[in-house]
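I opened my notebook to record what I looked up in this structure.

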Amino acid sequence: MLPRHDEPIAAIATAPGRGAVGIVRVSGRGLGALVQVLCGRALRPREATYLPFCEADGTPIDHGLALFFPAPHSYTGEDVLELQVHGGPVVLQLLLARCLQAAAESEPATGAARLAGLRLAQPGEFTERAFLNDKLDLAQAEAVADLIDASTSAAARGAARSLGGAFSNEVHRLRDALVHLRMLVEATLDFPDEEIDFLRSSDAAGQLQNLQQQLAAVADQAQQGALLREGIKVVIAGQPNAGKSSLLNALAGAELAIVTAIAGTTRDKVQQTIQIEGVPLHIIDTAGLRESGDEVERIGIARTWEAIADADAVLFLHDLTRSNAIEYIADDAVIASAMAKFKPKSVPLLDVWTKSDCVLTQPEDSVPRVGVTLSSRTGAGLPALRRELLAIAGWHAAPGGVFIARARHVQALQAVGGHLAVAADQLEGDSPALDLLAEELRLAQNALNQITGAFGADDLLGVIFSSFCIGK
C-alpha cells in the first residue's frame with residue numbers, strides 16, 4: 001500500500017556513518033509552527049540560518065544551518081525544512097528525535113494538529129511526493145536513484161540527463177505525435193463515408209512511419225542507457241590453468257585472484273566490476289572445468305556451470321601452450337559440448353587464446369584462430385578483447401548523448417513498437433480496419449505513458465520508490 005501522503009515526514013537524508021555534515025529533512029504542509037519550535041524563530045525562505053538546535057529543556061544538541069523551503073518551491077512540492085549539523089550518527093539521531101518531539105509540542109500551542117502526525121519517512125517517500133506533486137515525472141524520479149547508484153562517470157552523466165528531463169522530453173514528443181495520429185483516426189471513425197480519403201489526405205501512413213522512426217531512435221538511446229545502468233555479466237571459463245585468474249587481474253588492473261601453476265587453485269567464483277568506456281562489466285572468474293575427485297573443487301565447478309547459465313556473455317579460454325596436445329583438445333571439446341547444454345543460445349561466447357607471450361612461433365600450416373589472442377602478462381591483445389566485450393554488450397556512442405534508462409523503460413518502448421507495427425499493418429490496403437487501428441494506437445499510448453507515470457498502477461509506484469534510500 002502507498003503511504004499516507006497527508007502526514008508530515010522526517011528522515012536523516014545523508015548516508016549512514018560519520019561525516020563532516022549530516023542532514024535531517026522534514027516535509028509536510030504548514031511546517032511554520034515546527035520551524036518556530038525547533039529554531040526558536042521564523043526563517044527566511046531559502047536562506048541558510050546558523051543557530052543552535054536544542055533539546056526541549058534547552059540542552060544544546062549541536063549548532064548548524066537551517067533552511068526552509070515553503071511550498072510549492074521545494075523538492076517535494078510541500079514545505080521542506082533541512083537541518084544541517086555535524087555528521088555524527090548520534091547527533092543526527094538526537095536531532096531526528098527532537099523533530100518528532102517538537103511536532104507533538106507544536107500542536108497544543110498552535111492548533112496545527114497535522115504536525116502531531118509527523119512520522120519517519122519510508123524509503124523513497126520524499127521523491128514519491130515530488131512525483132505526486134508534479135515536481136518530477138516518474139522517469140525523472142527514477143533518475144534520482146540512478147544518479148545516486150551510478151557506478152561509472154558515464155552512468156552518472158546519463159542519469160543527470162534523465163533527471164534534467166532529456167528522456168522525458170523524448171517520450172513527450174513521441175506521445176504528442178501519437179496523440180495527433182489518434183485524433184485523426186478517432187475523428188475518421190465518426191465519418192465512415194470519407195475514411196479512406198481523409199486518411200490519405202492527412203498522410204496517416206507517413207505520420208505513422210515517422211513515429212516509428214522516432215521511436216527506434218529513442219529506443220536505441222534507452223537501450224544504451226540501460227546498458228550503462230545495468231552493465232553485463234561476463235563469465236571467464238575454461239580448463240584449469242588456462243589463464244582465467246590472470247585475465248581477471250589484467251582486466252581489473254589489480255591482483256584480485258590468486259594465480260599459481262597448481263591446477264584447481266580457484267575453488268569459487270571471484271567477481272569484479274570494471275568499466276570500459278563507461279560501461280560496467282561484471283567479470284566473474286570461475287573454477288577450472290574438469291573431472292575432479294575433490295569435493296570442494298566439485299562444488300566450485302558446479303558453481304561455474306551455474307554462473308555460465310546466468311551469464312550475459314562467456315569468455316572460453318584456451319591455453320596456447322597446450323593447444324596442440326591431443327588430450328587438451330579433447331577436454332576443450334567436452335567443455336564446448338557441455339556449454340551448449342548449460343549456456344542459453346542467445347548468450348554470446350568468445351574464444352580467447354591466452355599466454356601468447358609463451359608461444360614464440362606458430363606452425364606455418366596452422367588454421368587461423370577465431371576469437372582473441374592475448375597475453376595477460378604483457379597486455380598484448382587486451383585492447384582487442386575490450387573492444388570485443390563492448391561489441392558483445394551492444395554498446396555504441398548514441399548520437400546526441402545517452403540518458404540513463406531501466407529495463408522497464410526498454411520493455412515499454414518495445415511494447416510501443418509492437419503496437420505501432422500492428423497499426424501499420426492495419427493501414428495497408430484499400431480498406432483499413434480503423435477500429436483495430438485506433439485500439440493499437442491507444443495501447444501504444446498506454447505503454448508509452450507508463451514510462452513517465454502519466455499512466456500506471458499503484459503497485460508499480462510502490463515497487464519503484466521502495467528501492468530508494470530513506471532520506472530520498
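Before my first entry I noted what counts as a helix here: a DSSP run of H or I that is at least four residues long, with helices numbered from the N terminus. I also wrote down that I am working with a predicted model.

Entry on Ala384. I looked up where this residue sits, and I found Ala384 in helix H12, which covers residues 382–393.

Entry on a strand pair. I turned to strand S3 (residues 49–54) and strand S4 (residues 60–69), which run antiparallel and are joined by six bridges. For Cys54, I found that the bridge partner in S4 is Pro60. The hairpin of S3 and S4 has five residues between the strands, and in this hairpin I noted Gly58 with a positive phi near 95°.

Entry on the whole chain. I recorded 15 helices and 12 strands for the protein chain, and I saw that 45% of its 472 residues count as buried. Among contacts in the protein chain with a separation of 6 or more, 68% come from residues 24 or more positions apart. Last, I wrote down an accessible surface of about 22,700 Å² for the protein chain, with 54% of that surface belonging to carbon and sulfur atoms.

Technical notes. Residues are numbered from 1 along each chain as its sequence is written. This is a predicted model: local features need pLDDT of at least 70, side-chain atom pairs count only at pLDDT 80 or more; totals for chains, interfaces and linings use all residues. Side-chain values use heavy atoms; hydrogens and water are left out. Helices (H or I, at least four residues) and strands (E, at least two) are DSSP runs, numbered from the N terminus. Two strands pair if DSSP finds at least two bridges between them. Buried means under 20% relative accessible area, exposed over 50%, partly exposed in between (1.4 Å probe, protein chains only). Contact means heavy atoms within 4.5 Å. Accessible areas come from the Shrake-Rupley method with a 1.4 Å probe; for residues, only the protein chains shown count as cover.
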